Amino acid sequence: TASFRPIDSLSITPTLGYRAEQQEWSGARINSPSASLTMKYQQSQRLTMTAMGDYFGTRSSDKLVDLEMIGGKGVLTWELEPVRDWKPQLSLEGGYNLQVNRLMPSAQTENLSGLLRLVLATM
């Protein structure tokens with residue numbers, strides 16, 4: 001994991017992972033690579049954009065497991081003008097996830113989502 005700030009308003013955080021496991025009872029080896037990337041950009045005090053993407057895979061040497069998951073999400077957040085004692089915030093979020101089972105292609109799932117959120121918080 002690392003974190004970069006090329007400019008004050010932008011932060012980039014990549015993460016790489018790898019896990020290898022040896023099953024004692026079967027002798028099979030399971031490899032699980034993963035990666036993610038998060039970027040956050042604050043355009044102003046009131047407008048923030050965040051984007052995230054990730055990948056995860058797991059495969060076994062005995063060919064009984066072969067899965068991949070890929071996903072991403074983007075969020076745009078506006079802080080609105082305060083109204084009396086309230087500090088409203090509006091955000092728009094979109095996401096995508098894909099899970100692929102290479103051993104059973106019919107088990108593949110794919111999701112696309114969207115969310116509009118209004119948050120009211122006291123000051």
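This is a predicted model: local features need pLDDT of at least 70, side-chain atom pairs count only at pLDDT 80 or more; totals for chains, interfaces and linings use all residues.
View 1. Residues are numbered from 1 along each chain as its sequence is written, and side-chain values use heavy atoms, with hydrogens and water left out.

View 2. The chain has 0 helices and 7 strands; helices (H or I, at least four residues) and strands (E, at least two) are DSSP runs, numbered from the N terminus. In order, the elements read β-β-β-β-β-β-β. The chain is more spread out than a compact globule, because its radius of gyration is 20 Å, well over the 14 Å that the globule rule gives for 123 residues. That radius is taken over C-alpha atoms, and the rule is 2.2 Å times the number of residues to the power 0.38. Along its principal axes, the C-alpha trace spans about 65 × 35 × 20 Å.

**View 3. The surface and its charges.** The mean positions of the 12 positive and 12 negative charges are 4 Å apart. Here Lys and Arg count as positive and Asp and Glu as negative, while His and the chain ends are not counted; each charge is placed at NZ of Lys, CZ of Arg, CG of Asp or CD of Glu.

**View 4. Strand β1 meets strand β2.** Strands β1 (residues 4-7) and β2 (residues 10-22) run antiparallel and are joined by 2 bridges; two strands pair if DSSP finds at least two bridges between them. A hairpin through 2 residues links β1 to β2. Look for I7 opposite L10 in β2, and for F4 opposite I12 in β2.

**View 5. A close look at F4.** F4 lies in strand β1 and counts as partly exposed, at 47% relative accessibility. Leaving aside neighbours within four places in sequence, F4 is in contact with L10, S11, I12 and P14, contact meaning heavy atoms within 4.5 Å. The C-alpha atoms of F4 and V83, which are 79 residues apart along the chain, are separated by 36 Å.

**View 6. Strand β2 meets strand β3.** Antiparallel pairing of β2 with β3 (residues 29-42) extends over 13 bridges. I12 has M39 as its bridge partner in β3. In the hairpin of these two strands, with 6 residues between them, G27 takes a positive phi near 80 degrees.

**View 7. T77 and its contacts.** T77 sits in strand β5 (residues 66-79). With 17% relative accessibility, T77 counts as buried. Not counting residues up to four places away in sequence, T77 touches R46, L47, T48, Q89, L90 and S91. For the chain, among contacts between residues at least 6 apart in sequence, 40% join residues at least 24 apart.

How values were computed
Buried means under 20% relative accessible area, exposed over 50%, partly exposed in between (1.4 Å probe, protein chains only).
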